[in-house]
Amino acid sequence: MGTKGRSSPRIVCCAIPIARAAGKILVVTSRKRPDYWVLPKGGWEPSDVQLEAAASREALEEAGVRGTITRYVITIPTPSTTYHFYELDVAGLDQEWLESNERRREWVDYAEAVRRLEWKSELAQGLKLSSLAPVRTR
């Protein structure tokens, strides 16, 4: 994709919306590729001030998710984009939201979420480092 004329990579904040009691993750369809699933994410804007605020805003805009950012997960740099991942514990879902006419959303378990995100390696990697990932035994 490139940096599109930017001298530095784009800053993208990504929410991992979690229903902890159910052990589920909310995924949404991509606007550019409606048959593909993504996590709510988007560019950081100066009005967001903090990266966590951008992740929370994107979750509300793209998935109608309201909740609390509870954990920083990881920052993944690529040549064109720097991704910042945050877990968001979902408190509620709006029935109508900014992009509700452009996206579908669905609760899935961890394994299914990883499967749906594999096409976008950064998203799958961020999810695999979340607290919902199975604990690896050494």
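Predicted model: local features only at pLDDT ≥ 70, side-chain atom pairs only at ≥ 80, totals over all residues.
The exercises below go from the whole chain to single residues.

**Exercise 1. How many helices and strands does the chain have, and what radius of gyration does the chain have against that of a compact globule?**

Step 1. The chain has three helices and seven strands.

Step 2. For 138 residues, a compact globule would have a radius of gyration near 14 Å. The chain has 14 Å, so the two agree.

Step 3. The C-alpha trace spans about 45 × 45 × 30 Å along its principal axes.

Step 4. Of the contacts with a separation of 6 or more, 65% are between residues 24 or more positions apart. Of the 138 residues, 43% count as buried.

**Exercise 2. Which stretch does the UniProt annotation cover, and what is the helix and strand content over residues 9–131?**

Step 1. According to the unreviewed UniProt entry, residues 9–131 carry the annotation "domain: Nudix hydrolase".

Step 2. Over residues 9–131 the chain is 24% helix and 42% strand.

**Exercise 3. Find which residues of helix H2 are buried, and state what covers them.**

Step 1. Helix H2 takes in residues 110–117, and its buried residues are Tyr110, Ala113, Val114, Arg116 and Leu117.

Step 2. These residues lie on the same side of H2, because the arc they cover around the axis is only 165°.

Step 3. Ala111 and Arg115 are exposed, on the face of H2 turned away from the buried side.

Step 4. The cover over the buried residues of H2 includes strand E2 (24–29), strand E3 (37–38), strand E7 (105–109) and helix H3 (121–128).

**Exercise 4. How many residues has the largest nonpolar core, and which element supplies the largest share of this core?**

Step 1. The largest nonpolar core has 34 residues. Those with the most contacts inside this core are Ile16, Ile25, Val27, Leu39, Phe85 and Leu127.

Step 2. Elements that each supply at least two residues of this core include strand E1 (10–19), helix H1 (51–63), strand E5 (65–77) and strand E6 (81–93). E1 gives the largest share, six residues.

Step 3. Take Leu127 as a case. Beyond its neighbours within four places in sequence, Leu127 is in contact with Ile16, Ile25, Tyr110, Ala113, Val114, Leu117 and Ala133.

**Exercise 5. Is Cys14 buried or exposed, and which residues outside its sequence neighbourhood is Cys14 in contact with?**

Step 1. Cys14 belongs to strand E1. Its relative accessible area is 0%, so Cys14 is buried.

Step 2. With neighbours within four places in sequence left aside, the contacts of Cys14 are Leu39, Pro40, Lys41, Ala55, His84, Phe85, Tyr86 and Leu123.

**Exercise 6. Which backbone atom does the side chain of Thr29 reach?**

Step 1. Thr29 is part of strand E2. With a relative accessibility of 3%, Thr29 counts as buried.

Step 2. The Thr29 side chain reaches the backbone nitrogen of Arg104 at 2.8 Å.

Step 3. Neighbours within four places in sequence aside, Thr29 is in contact with residues including Pro34, Trp37, Glu102 and Arg104.

**Exercise 7. Where is Val49 found, and what is its phi?**

Step 1. Val49 is found in the loop between strand E4 (41–43) and H1. Its relative accessible area is 63%, which means that Val49 is exposed.

Step 2. Phi of Val49 is near 60°, a positive value in a residue that is not glycine. Most residues other than glycine have a negative phi.

How values were computed:
Residues numbered from 1 in each chain as written. Heavy atoms only, no water. Buried < 20%, exposed > 50% of the residue type's maximum accessible area, 1.4 Å probe, protein only. Helix = DSSP H or I, 4+ residues; strand = E, 2+ residues; numbered from the N terminus. Arc of directions from axis to C-beta. Contact = heavy atoms within 4.5 Å. Core = buried A, V, L, I, M, F, W, Y, C linked by side-chain atoms within 4.5 Å. Polar contact = N/O pair within 3.5 Å; in protein donor to acceptor, adjacent residues only side chain to side chain. UniProt positions renumbered as here; feature names shortened; annotations may be inferred. Rg over C-alpha atoms; globule rule 2.2 N^0.38 Å.
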